[in-house]
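Colleague: I'm new to this one. Could you walk me through how to read it?

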Amino acid sequence: MACGAARAGKSDTAALELLPSAPSKMNESKPGGSQNPTCVFCRKNDDCPIKYGEKKTNEKWNLTVHYYCLLMSSGIWQRGKEEEGVYGFLIEDIRKEVTRASKLKCCICKKTGASIGCVAPRCKRSYHFPCGLQRECIFQFTGNFAILRSPCCKNAWFHRDCLQVQAINAGVFFFRCTICNNSDIFQKEMLRMGIHIPEKDASWELEENAYQELLQHYEHCDVRRCRSKEGRDYNVPDSKWEIKRCQCCGSRGTHLACSSLQSWEQNWECLECRGILYNSGDFQKAKKHTLPNTNVGITDCLLEESSPKLPRQSPGAQRKDLLRQGSKFRRDISTLIIELGFQIKKKTKRLFINKANIWSSALDGFRNQNFNPSYTIEIAYVNENDHFGKEQPGSKQEFLSLLMQQLENSPLFEGSLSKNLSLNSQALKENLYYEAGKMLAISLVHGGPSPGFFSKTLFNCLVYGPESTQPILDDVSDFDVAQIIIRINTAATVADLNSLINEYYNYLELIGCLRLITSLSDKYMLAKDILVYHVIKRVQAPFESFKQGLKTLGVLEKIQTYPEAFCNIFCHKPENLSTKILSDLFTVHTLSDVQALGFWNSYLQAVEDGKSTVTMEDILTFATGCSSIPPAGFKPTPSIECLHMDFPVGNKCNNCLALPITSTYKEFQENMDFAIKNTLRLEKEENSHFIGH
């Protein structure tokens, strides 16, 4: 493998300036006024700063050059100051180098202009910079070629492209090892590996708080079954709940107790890194360790579920004292769902939806053998009573919003505001719990609304497992069962308690909760047994089926990794809309009527103050089909335009609200109220027919 060593005396810190015109021997690649000119050295028109450095065209000299092609050229030195020529490369020197290169042929493409020579004195080969990259040559920006290795962290590895992007963004002042934060040793070795480290300020210093998360330490437990009742982000130094990060990648973590580590000093690798070490032959089976008063075995640390390596925050330093200085690791829910959305492909799948029966038509579409949850979804509304078979384009977010409403009110769940899974034998037979989980996962990833109706108990079962979740009395929707639990809990004597057991003997025997009563305190354990049976054990089969469906597109794994972020959208309804929220949400098209926009702002305030027959949610539904803002936001962004018409018009496919242009505010408000109220009423009547299961 060949390599070239740059002869530059300094790194690049200034912008490209004027370049000399190419001599006649280089006219073969002269750009001549092309809209996408070629580099005079490599003859390529690619504009890829990560690979080739900045591409600059100077109209005066009619020349284009890649910075790395110039920097790596063997016959040129940086003799000037930074502000002279091109990053200190003088104009006359560049002219001479172009002339010299015109006589040299690239050993790869056999064309002239190969200005880069091999660093080995006896090797006479020359290269174009892109040709060398294509053949995996190593181009060093200082020093000589050395063995590729990580100098400061054992068993750490990096992608070359990732490091180059990091180096360009960080610059010489902030480019360091992401595992241990070492700068000096790491930079020297990266230069030897062929990574270009520019002498410039870090990119995030130019934007306030743009990369604040890079200063945070990764503090999150990623094992499949986190045993902390305080959550996966719970971290208590010098205890079994201290978080240890993977010694190889630093981007996964575990509580000591969750992986049976006796102390922070013990090594731990995540599942992905363990697999790499095992395949490389360097893996040594860990000895079994247990913490005092625990029954967690070493096998538990192998229960992690691998997930797609989506973009993560920097893990920061690995040293113990630095680990304790960072704030808790947090992820914004919109960012998490946008990351899940990276799986969506451009290939589209059209779903034909009957708005009079959203559930059945959605079920048919999702069960179709040609349906792929990662395809982009298109909606076409159809009417079974229309014999001409007409189709109308529909809003995907409106469809998902209606589907989630149907799911919330379906017989698959029980409860009022906070719902748990119900036991429905027919739905279980038809595999509808699986389909419900699948629908919810698809809705989230494809931009649907927040579910908002889960009980904390159901959510905790999904995250921590049913065996680690304790239900509460509010989870019991059956009035008779709730009365049994209340009567047992309030029993005043052992005799009263035994009397209740005799009264409910058949029921307690049926559910396996009969127990011998020796003291009055036994009532609490009996009530707990009934509660656990009714809320968790009774619906074990529906729960497992629903859980499998929720794994679609990796949603369940994401929930289990970031439960705090997802809990808010699963267990709580979105915040109430306000004038400010809607004003900020809708963008205004240019050339809109100023008076109508003034009426619009006054109308929003009147609605918020209760002086209108419609609500803020009605306005949003009229324009977008959704009564709340989805966690990932709207696509496209909601907008407003003003048209000469009597009544407003909502285009839900484009999330556009057309406002009427009226002469008075009173007329504006009356027309808005009438159109929104009656349109939503007609749509509600159309969607009211639902065949439940």
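Colleague: What does the chain average in pLDDT?

Modeller: pLDDT is the predictor's confidence in each residue, from 0 to 100. Here the chain averages 80, and 80% of the residues score at least 70. Residues 1-33, though, have a pLDDT below 50, and residues 281-330 stay under 50 too. The model still has 135 contacts for residues 281-330 beyond four places in sequence, a contact being heavy atoms within 4.5 Å. Where pLDDT is low, the predicted coordinates should not be read in detail.

Colleague: Which residues of helix 14 are buried?

Modeller: First the terms: buried means under 20% relative accessible area, exposed over 50%, and partly exposed in between, using a 1.4 Å probe and protein chains only. Helices (H or I, at least four residues) and strands (E, at least two) are DSSP runs, numbered from the N terminus. In helix 14, residues 456-464, seven of the nine residues are buried, so the rest of the structure largely encloses this helix. Those seven are T457, L458, F459, C461, L462, V463 and Y464. Their packing partners include strand 12 (413-414), helix 18 (522-535) and helix 20 (555-561). Just after helix 14, G465 has a positive phi of about 100 degrees.

Colleague: In what order do the four strands form the open sheet?

Modeller: Strands count as paired if DSSP finds at least two bridges between them. The order is 14-15-17-16, with mixed pairing. Strand 14 (587-588) and strand 16 (649-651) are the edges, each pairing on one side only. Strand 16 meets strand 17 (residues 656-660) in the antiparallel sense over three bridges, and G650 stands opposite L657.

Colleague: Where is C653, and what does it touch?

Modeller: C653 sits in the loop between strand 16 and strand 17. UniProt, in an unreviewed entry, lists C653 under "active site"; such annotations may be inferred rather than shown by experiment, and positions follow the numbering used here, with feature names shortened. C653 is partly exposed, at 34% relative accessible area. Leaving out residues up to four places away in sequence, C653 touches P393, G394, S395 and P636.

Note on methods:
Residues numbered from 1 in each chain as written. Predicted model: local features only at pLDDT ≥ 70, side-chain atom pairs only at ≥ 80, totals over all residues. Heavy atoms only, no water.
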